[in-house]
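I opened this entry to record what I looked up, one topic at a time.

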Amino acid sequence: MSKFVIVGQNSLEGSISVDGSKNSSLPILAATLLAQGCSTIYGIPSLADIQNMCNILKCLGAEVSTAKGGASGLGLTISCKKLNPDVSQCENTGLIRASFLVAGPLLARCKKVKISMPGGCPIGLRPVDLHLKGFHALGAKISTGHGFIEAKCKNLTGAVIYLDFPSVGATENLMMAASLATGQTIIENAAIEPEIVDLANFINAMGGQITGAGTDLIKISGVKELDGQGYTVIPDRIEAGTYAVAAAMTNSKIQINNVIPGHLKPMIAKMRETGIEITEGDSQITVNAADKIKAADIKTLPYPGFPTDMQAPFSSLMTVASGTSIIVETIFENRFLHISELAKMGANIKAEGRTVVIEGVKSLTGAKVRAYDLRGGAALVLAALASEGETEISGIEHIDRGYLKLDEKLSTIGVNIIRV
Ligand code: UD1
């Protein structure tokens, strides 16, 4: 198993470019199943989660090939003439939670789907009840047993669906299913993340009729069929936020390219509160870290609140800030797997329930630590940048799930990091 070895306290400089969004690419790849024709998706980050999703699409009968063109990232052409709705036969479904996003398109196209409970990071229970309630409202009969979920319908019919919680995945699955339903569907209390808007834009490019994506009331008028399309995914806002923290951890100034600054608002606002200077351009930001980072409190919330995916990376920054910060995680119940590892590096950090209290220290010290989940792993890389001496991080397969060639990219701005 590979490890990252990082020697900390180097000053960073130069510019770094963000890849396409993982969390947009996954639902958009699932949405290609809605059309019989070919879609080509550009800007896809070539990550393990994407490979797993491609394997699932292939297992369902789609043809997947790489495509030339597009500014950066991977281009993938997907053609889905005939589909097999039995996802339970596919090997990779346990590996990524996003595998469940093929359920909506399959139900819409094939009128049935059989799928196992999804996997993912060990950050909480992560049920799919909201997805299933929505499918039921659209007219599907749902049965569960032996670790599988089956949904069947004669036809999907538009309905008004109120989500108890603005779940990103449920909003995406229901938007996809409703796009081929008869009549109008209204999703109330929908998630409003930028990735929802990206998916709606792709479905609309295919001939769908979705309005209101990006607000908590989404209206979908079902159409008879959708056509494959070419589409480029948005940049990854969490990758951008991670690099901004990297600059702050090392009191450096860097430019982060290929971003949509509007998507970074909740992170930029919080970073400015800690004293970091951030200048916004059209598609780039410059992060100029103050000598002293002030402690700040955060509470994770659905967009446009502070993103749960940045909770662990921001916690790393707070370990070296001056003062006490209180971090409250409201989205996932077990997203603190990085805390004991940060403590090994000298952080004064304690968790109680869903709250973490961090007393900033002058400096961290390198140690042997383990990544247990994707964003918690990124938090350890960030902590290593501010640490005296060498840090060895194992479990980096979790980090590779969400950051493409993180070691190579960080090396270009001056991080002393090797993969061994
Ligand atoms: C997506 C992102 C993930 C991010 C999360 C929240 C992808 C591939 N992943 O995950 O990186 O951290 O949004 O911004 O896009 N819930 C239920 N029942 C459901 C569905 C969700 O109780 O049917 C709960 C979950 O357990 C969790 C909360 O709702 O506590 C948020 O989950 P959700 O918004 O659905 O996140 P994901 O789509 O899984």
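How many bridges pair S6 and strand S8, and in which sense do they run, parallel or antiparallel? I am working from a predicted model, and in it I found 5 bridges between S6 and strand S8 (residues 148–152), with the pairing in the antiparallel sense.

Next I turned to another sheet, an open one in which 4 strands follow the order S17-S18-S20-S19 with mixed pairing. Its edge strands are strand S17 (298–299) and strand S19 (348–352), each of which pairs on one side only. Between strand S18 (residues 324–328) and strand S20 (residues 355–359), which run antiparallel, I noted 5 bridges, and within S20 the bridge partner of Val328 is Thr355. Helix H9 (residues 311–318) packs on this sheet and touches S17, S18 and S20, with its direction making about 170° with that of S18.

My last topic was the ligand, which 17 residues surround, the closest being Asp129, Leu130, Ser167, Asp309 and Ile331. I went through the distances to ligand oxygen atoms: a polar side-chain atom of Ser167 lies 2.6 Å from one, a polar backbone atom of Gly169 is 2.8 Å from an oxygen atom of the ligand, and for a polar backbone atom of Ile331 I noted 2.6 Å. On its own the ligand has 740 Å² of accessible area, and the protein covers 85% of that.

Which elements give two or more residues to the shell around the ligand? I listed helix H4 (129–137) and helix H5 (168–179), and H4 gives the most, with 3 residues. By residue class, I recorded the shell as 7 nonpolar, 5 polar and 5 charged.

Note on methods:
Residues numbered from 1 in each chain as written. Predicted model: local features only at pLDDT ≥ 70, side-chain atom pairs only at ≥ 80, totals over all residues. Heavy atoms only, no water. Pairing = 2+ DSSP bridges. Contact = heavy atoms within 4.5 Å. Axes fitted to C-alpha atoms, helices over the stretch in contact; angles between N-to-C directions. Near = heavy atom within 4 Å. Polar contact = N/O pair within 3.5 Å; in protein donor to acceptor, adjacent residues only side chain to side chain. Areas by Shrake-Rupley, 256 points an atom, 1.4 Å probe, with all protein chains shown as cover. Nonpolar A, V, L, I, M, F, W, Y, C, P; charged D, E, K, R; others polar.
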